[in-house]
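Try each task before you read its solution.

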Amino acid sequence: MKKLRGMRWWMISLVTAGLIVNYLARNTLSVAAPSIMQELNISTQQYSYVVVAWQICYAVTQPVAGYLLDLIGTKLGFALFALVWSLACAAAAMATGWQNLAVLRGVLGLAESAGIPAGVKASTEWFPAKERSVAIGWFNIGSSIGALCAPPLVVWALLHGNWRWAFVIVGVLGLVWVLVWLALYKHPSRQPRLSDAERDLIHRGQNHEMGQRANKTRWLAMLKNRDFWSIAIPRFLSEPAWQTFNAWIPLYMATERHMNLKEIALFAWLPFLAADVGCVLGGYLSPIFHRHIGVSLFASRKMVFGVGALCMIGPACVGMVASPYAAIGLLCVGGFAHQTLSGALYSITSDVFPQNEVATATGLAGMTGYLGATLFTLLFGVIVTQTGYAPLFVVLAVFDILALFVLLVLARERRIQEQPTSDQPEAQRA
């Protein structure tokens, strides 16, 4: 069988496509929210309950999803979860009120919780440590592309039919991706198109991880681990920002900035385009800092997180501008900021935990993140009617700066991340 050059990048492209569909499914609701709320007579507070149903289910299931991915493997595990979320998304087209819409979004959250743990696990399987932040940056771009594509898709469905068609279309796209994933994805040890040179590059780049902790750590033991809390607490503090952008930006544009449907379609995707830039640039910043500033690989991850946290000051100023276009510009800075720091945190997770634990650790940390997002959303739905959006964007910036402080204090550099000196020149050439 013919070998393909750069097979690891083809594999991470499959993961990226899965994340695009994953985030397209979750963001379809936020863009269609004004039409859904009007047709189904849903209040702002009831809409927050629908959002919270997804967030709670997503949060609670992330550790389970991560554990199952470590148990049954990336290929089968990711496919099963994607099948369920695709069917749940399509079923949302049959919603008749906020209660059954909340139930269907809850099922969607249960299944979508596997997306990020699967991506981090696949990156850990397919990439040497020095390339991993770049790989994570590229697969994480799928989350932003999915959010970016949602506004034009939903508006197209509204103009050519109704909001229900958008959920059906996204569900079908998910089913197509499942078939492609099952046909093409394989672990490096079983991928016949992987060249011997690339297999050797991957293997030698991961040699420093082999045998570090052969026995899988139990959940309870992981929860007692300082390294776990060094990523879980920053995730708890930073995740509310991204979930606010995903769930509330179109509604903010419609109610606070008084934009019409076409204007929302034209501008609501821009913060997520900026988030794409943050995903990719953040991934490359880590090796750049490592090589040119002379810090360790682990320290470079924390520096990238710091860049993102400080950039969150941009959306904190959104209440100070009168122009809706300036407000969109500041939200774009926020999208860039969050995905920059988020990718850095995933890289730190993949550095600290070995292959047989990384999905579980990502899932547990993700659970804490979405619990934070859920609590913030519950408050958001109530407080936004009293104070407006501006003070809440300030709070999000403060949370991210606190997350940076926690990461700097708790996260410790491990020998697990350092490659033998003899391997470094080859890894750098890759």
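**Exercise 1.** Is Asp70 buried or exposed?

*Solution.* A word on the ground rules: this is a predicted model, where local features need pLDDT of at least 70, side-chain atom pairs count only at pLDDT 80 or more, and totals for chains, interfaces and linings use all residues. Residues are numbered from 1 along each chain as its sequence is written, and side-chain values use heavy atoms, with hydrogens and water left out.

Step 1: take the cut-offs, where buried means under 20% relative accessible area, exposed means over 50%, and partly exposed is in between (1.4 Å probe, protein chains only).
Step 2: Asp70 has 15% relative accessibility, so it counts as buried.
Step 3: Asp70 sits in helix H2, residues 44-72. Helices here are DSSP runs of H or I with at least four residues, numbered from the N terminus.

**Exercise 2.** Which side chain does the side chain of Asp70 make a polar contact with?

*Solution.* Step 1: a polar contact is a pair of N or O atoms within 3.5 Å; within protein, one must be able to donate a hydrogen and the other to accept it, and residues adjacent in sequence count only if both atoms are side-chain atoms.
Step 1: the partner is the side chain of Lys121, at 2.9 Å.
Step 2: A polar atom of the Thr124 side chain lies 2.8 Å from the backbone oxygen of Val120. Thr124 is buried, at 0% relative accessible area.

**Exercise 3.** How are the rings of Phe78 and Trp177 arranged?

*Solution.* Step 1: rings of Phe, Tyr and Trp (its six-membered ring) pair if their centres lie within 6.5 Å; planes under 30 degrees apart are stacked, over 60 edge-to-face, and the rest tilted. That rule gives a count of 16 aromatic pairs.
Step 1: the centres of Phe78 and Trp177 are 4.9 Å apart and the planes are at 65°, so this pair is edge-to-face.
Step 2: check where the partners sit. Phe78 is in helix H3 (residues 74-91) and Trp177 in helix H7 (residues 163-184), 99 residues apart, so the pair links distant parts of the chain.
Step 3: look at burial. Phe78 is buried at 0% relative accessible area, and Trp177 is buried at 6%.
Step 4: Phe78 also pairs edge-to-face with Trp181, at 5.2 Å centre to centre and 80° between the planes. Trp181 is in helix H7 too, so this pair ties together parts 103 residues apart in sequence.
Step 5: zoom out. Ring pairs join Phe78, Trp85, Trp177, Trp181 and Tyr185 into a cluster.

**Exercise 4.** How many disulfides are there by the sulfur-distance rule?

*Solution.* Step 1: the rule asks for a pair of cysteine sulfur atoms within 2.5 Å.
Step 1: the count is zero.
Step 2: take Cys332 as a test case. The closest cysteine sulfur to its own is in Cys311, 13 Å away, which is too far for a bond. Cys332 is buried at 16% relative accessible area, whereas Cys149 is partly exposed at 32%.

**Exercise 5.** Which residues touch the most other members of the largest nonpolar core?

*Solution.* Step 1: a nonpolar core is a set of buried Ala, Val, Leu, Ile, Met, Phe, Trp, Tyr and Cys residues joined through side-chain atoms within 4.5 Å.
Step 1: the largest core has 105 residues, and Ile36 and Tyr47 touch the most other members. Helix H1 (residues 7-39) gives the most to this core, with 16 residues.
Step 2: there is another core apart from it, of 25 residues, including Ile231 and Phe353.

Technical notes
Helices (H or I, at least four residues) and strands (E, at least two) are DSSP runs, numbered from the N terminus.
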